[in-house]
Amino acid sequence: MPSSIGRLSSDVDQALALYAAGFFPMDDLDEAFGPLPFYAAEDRALFELDEGTRARVRRRVRRSLRAGEGWALRMDTAFDTVLEGCARPREEDDGVWITPRLATLYREMHDAGYAHSFEVHAGDRLGAGMLAILMGRAAMLESMAHWVPHAGNVLVARTLDHLAARGYHFADVQLPTEHTMRLGARLVSRAQYERRLRAAIS
């Protein structure tokens with residue numbers, strides 16, 4: 001279970017300082033009466049961006065990549081739509097962690113040039129979108145939504161290639177899920193993550 005430091009405002013500068021220290025936001029509608037909480041996980045899930053790791057991801061989603069061969073990767077053309085999709089529960093009994101006040105913070109960080117959307121467009125249709133925080137050469141992939149079959153896998157593979165080509169050190173996905181671990185994410189200790197984060201944003 002990640003540990004919370006709590007008692008934080010939605011101010012962009014404070015949020016950036018917390019991201020730089022290894023924390024990430026996660027809200028709860030039932031507890032949205034207090035300050036917006038940020039957390040740090042003892043074991044952090046991330047994708048390495050070396051060619052070997054990215055090749056393994058591409059192999060694991062090769063059917064999806066064939067299906068989406070002609071789809072375009074774009075950035076920040078549908079930020080609000082992606083954010084709204086990520087904030088929507090995937091299943092009826094799923095909780096909501098991107099609350100309205102956290103969505104407001106992401107929009108403010110987008111206006112400040114730190115929050116971005118990576119998108120796969122299947123023709124004229126938005127197939128999948130990912131919310132990301134980019135600081136220095138560190139990429140924090142916050143959440144993803146998809147609307148077209150295979151588009152989510154295509155988006156992950158192409159986003160990792162995009163980040164690697166631009167010199168990013170890693171793609172942080174915060175907490176492990178069965179899907180991200182199957183695709184090739186790995187766990188690193190909190191101390192190791194914080195060392196690598198400092199190097200990436202210095």
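Select tyrosine 19 and phenylalanine 38 to begin: tyrosine 19 is buried, and phenylalanine 38 is buried as well. Buried means under 20% relative accessible area, exposed means over 50%, and partly exposed lies in between, with a 1.4 Å probe and protein chains only. The model is a predicted one, in which local features need pLDDT of at least 70, side-chain atom pairs count only at pLDDT 80 or more, and totals for chains, interfaces and linings use all residues. Residues are numbered from 1 along each chain as its sequence is written, and side-chain values use heavy atoms, with hydrogens and water left out.

**Stop 1: the aromatic pair**

Keep both side chains on display. A search of the whole structure finds three aromatic pairs. Rings of Phe, Tyr and Trp (its six-membered ring) pair if their centres lie within 6.5 Å; planes under 30 degrees apart count as stacked, over 60 as edge-to-face and the rest as tilted. The ring centres of tyrosine 19 and phenylalanine 38 are 6.1 Å apart and the planes stand at 85 degrees, so this pair is edge-to-face. Tyrosine 19 belongs to helix α1 (residues 12–20) and phenylalanine 38 to strand β3 (residues 38–40), so the pair ties together parts that are 19 residues apart in sequence. Helices (H or I, at least four residues) and strands (E, at least two) are DSSP runs, numbered from the N terminus.

**Stop 2: α1 against α5**

Axes are lines fitted to C-alpha atoms, for helices over the stretch in contact, and angles run from 0 to 180 degrees between N-to-C directions. From α1 the contact is made by Val12, Ala15, Leu16 and Tyr19, and from α5 by Leu105, Tyr106, Glu108 and Met109. Contact means heavy atoms within 4.5 Å.

**Stop 3: the sheet**

Now colour the strands of the open seven-stranded sheet, which has the order β5-β6-β7-β8-β9-β4-β10 and mixed pairing. Two strands pair if DSSP finds at least two bridges between them. At the edges are β5 (72–75) and β10 (186–189), each with a single partner strand, so one side of each is left without a neighbour in the sheet. From one strand to the next, the twist averages 35 degrees. Select helix α6 (residues 151–165), which packs on the sheet and touches β4 (43–48), β5, β6 (115–122), β7 (125–135), β8 and β9. The direction of α6 makes about 35 degrees with that of β7.

Strand β8 (residues 138–146) pairs with strand β9 (residues 170–174) in the parallel sense, over three bridges. One place to look is alanine 139, whose bridge partner in β9 is alanine 171.

**Stop 4: strand β6**

Eight of the eight residues of β6 are buried, so the strand is largely enclosed by the rest of the structure. Ala115, Ser117, Glu119 and His121 point one way, while His116, Phe118, Val120 and Ala122 point the other way.

Four bridges join β6 to β5, and the two run antiparallel. Find methionine 75, which stands opposite phenylalanine 118 in β6. With β7, strand β6 pairs in the antiparallel sense over eight bridges. Here glutamate 119 stands opposite glycine 129 in β7. β6 and β7 form a hairpin with two residues between them, and glycine 123 in the turn has a positive phi of about 65 degrees.

Next, select alanine 78, in the loop between β5 and α4 (79–87). Not counting residues up to four places away in sequence, alanine 78 touches Ser117, Glu119 and Leu126.

**Stop 5: two backbone angles**

Most residues other than glycine have a negative phi. Which phi does histidine 150 have, positive or negative? Histidine 150 has a positive phi of about 75 degrees although it is not a glycine. Look for it in the loop between β8 and α6. Histidine 150 counts as partly exposed, at 30% relative accessibility.

Glutamine 174 also is not a glycine, and has a positive phi of about 65 degrees. This residue is found in strand β9. Glutamine 174 is buried, with a relative accessible area of 7%.
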